[in-house]
Amino acid sequence: MNTARTPDTAPTAGPRDTRTPLPVVLAGARGHGRSHLLNIRRLEERGLVRLAGVCELRPLDAAELDGIGDPEQSADFEALLASTGARIAVLSTPIQTHTDMTLAAARHGAHILLEKPPAPSYAEFRRMADGVEAAGVACQIGFQSLGSHAVPAIRRMVTEGAIGELLGVGAAGAWVRDEAYFRRAPWAGHRRLGGVDVVDGALTNPLAHAVATALALSGSTRAEDVDHIETELLHAHAIESDDTSAVRVVTSAGTQVTVAATLCAEQSSEPYVVVHGTQGRITFWYRQDRVLVQRAGHGPVETEYGRTDLLENLVAHVTDGEPLWVPPAATGAFMRVVEAVRTAPDPLAIPAAHWHTEPGESAPRRVVDGVDALVDASAAGLRLFSELGASWAPSTRAEAR
């Protein structure tokens with residue numbers, strides 16, 4: 001196997017910028033928000049940004065701020081934006097708050113890095129995207145995998161015919177999550193909460209990158225690139241949302257994109273996307289920026305690509321006019337999938353005969369028997385669980401256009 005590596009532009013300690021750092025407010029600094037806090041500190045050390053404020057219901061304590069500094073803290077997001085003069089707002093808050101908080105930042109003239117999924121419904125997504133455009137600010141959606149340099153490289157290979165004619169794109173995500181994962185926040189594991197859409201679930205939140213990346217590699221990222229969608233939504237855990245699901249998107253070009261995802265895996269594995277062609281295939285492990293090209297008449301070639309940090313790209317857009325890697329329009333097709341999941345019938349419970357309980361990291365977890373192989377088979381054959389003969393999968397699928 002030949003191995004190559006592109007110049008690595010993944011987050012590193014680069015040279016310090018001599019311009020005035022952009023003031024940043026972070027909303028949601030615990031849980032996944034902690035990674036944003038550390039990334040802001042990295043960019044602060046380079047002189048690109050300054051952490052001006054943190055919005056949390058409960059202020060960060062000294063231990064949580066160790067090495068971070070002493071930013072202004074408030075539970076009032078808009079007051080914090082006003083008092084700090086924030087140029088950028090990083091939003092890592094519950095899904096159902098995304099649209100209103102994004103529009104609040106836009107009203108204050110702040111550019112936004114918004115965690116995925118951008119909104120719990122297509123209508124909320126449109127309200128957010130239209131409001132941002134009207135305000136004249138930039139919004140970057142936090143699909144980190146779409147900052148990988150592998151994505152445009154694979155698209156070039158497909159366009160140039162490296163694997164022949166495109167047949168379809170499959171994605172597989174098999175992760176282990178225990179019962180505590182679904183208790184980590186009041187909205188976790190819910191489709192709705194207090195009458196408000198949340199649409200948490202395997203396809204729309206933890207493994208949303210698999211969906212968005214598969215769509216990107218098919219060349220179908222805009223809402224209008226989607227023709228119709230089929231979903232199979234199920235759960236083994238005692239939750240409202242899905243933890244084991246599959247989706248098929250048929251694009252306006254007629255390309256099939258399938259994604260199979262589970263949080264009830266026998267063993268956690270690296271999620272991946274595979275692009276099928278008439279003369280080969282390309283496999284992309286998107287969390288590792290690793291690509292394997294296998295094609296007729298050639299030996300396999302594996303390449304590791306660099307990655308552009310999305311906050312750093314947003315800063316470069318604001319200061320130097322660099323194009324955004326993931327503007328809202330580039331997630332329209334993904335939001336069509338979110339909408340299909342939202343409007344589908346409630347997920348079906350997988351019968352207890354088909355799953356068992358094992359000890360988890362901090363609580364028991366439920367394991368769907370044989371699901372790891374089914375997830376891989378879906379990516380390989382572009383088929384849904386029911387088409388693979390899974391006895392617990394529905395015989396009829398929900399379809400949306």
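1. Strands E2 and E5 (residues 88-91) pair in the parallel sense, with 4 bridges between them; two strands pair if DSSP finds at least two bridges between them. Val 24 stands opposite Ile 88 of E5. Strands (E, at least two residues) and helices (H or I, at least four) are DSSP runs, numbered from the N terminus.

2. This is a predicted model, in which local features need pLDDT of at least 70 and side-chain atom pairs count only at pLDDT 80 or more, while totals for chains, interfaces and linings use all residues. Residues are numbered from 1 along each chain as its sequence is written, and side-chain values use heavy atoms, with hydrogens and water left out.

3. E2 is also joined to strand E3 (residues 49-55) by 6 bridges, and these two strands run parallel. Val 25 has Gly 53 as its bridge partner in E3. Together with helix H1 (residues 33-45), E2 and E3 make a right-handed β-α-β unit. Right-handed means that, with the strands pointing away from the viewer, the path from the first strand over the helix to the second runs clockwise.

4. How many residues of strand E2 (residues 22-27) are buried? The count is 6 of the 6, so E2 is largely enclosed by the rest of the structure. Buried means under 20% relative accessible area, exposed over 50%, and partly exposed in between (1.4 Å probe, protein chains only). In a regular strand the side chains alternate between the two faces of the sheet. In E2 both faces are covered, with Leu 22, Val 24 and Leu 26 buried on one side and Pro 23, Val 25 and Ala 27 buried on the other.

5. The chain as a whole has 9 helices and 21 strands. Its radius of gyration is 21 Å, close to the 21 Å of the globule rule for 401 residues, so the chain is as compact as a globular protein of that length. The radius is taken over C-alpha atoms, and the rule is 2.2 Å times the number of residues to the power 0.38. Of the 401 residues, 57% count as buried.

6. There are 5 aromatic pairs. Tyr 122 and Phe 125 form a tilted one, at 5.8 Å centre to centre and 45° between the planes. Rings of Phe, Tyr and Trp (its six-membered ring) pair if their centres lie within 6.5 Å; planes under 30 degrees apart count as stacked, over 60 as edge-to-face and the rest as tilted. Tyr 122 is partly exposed at 22% relative accessibility, whereas Phe 125 is buried at 1%. The rings of Tyr 181 and Phe 182 have centres 5.1 Å apart and planes at 85°, so this pair is edge-to-face. Both residues, Tyr 181 and Phe 182, are buried.
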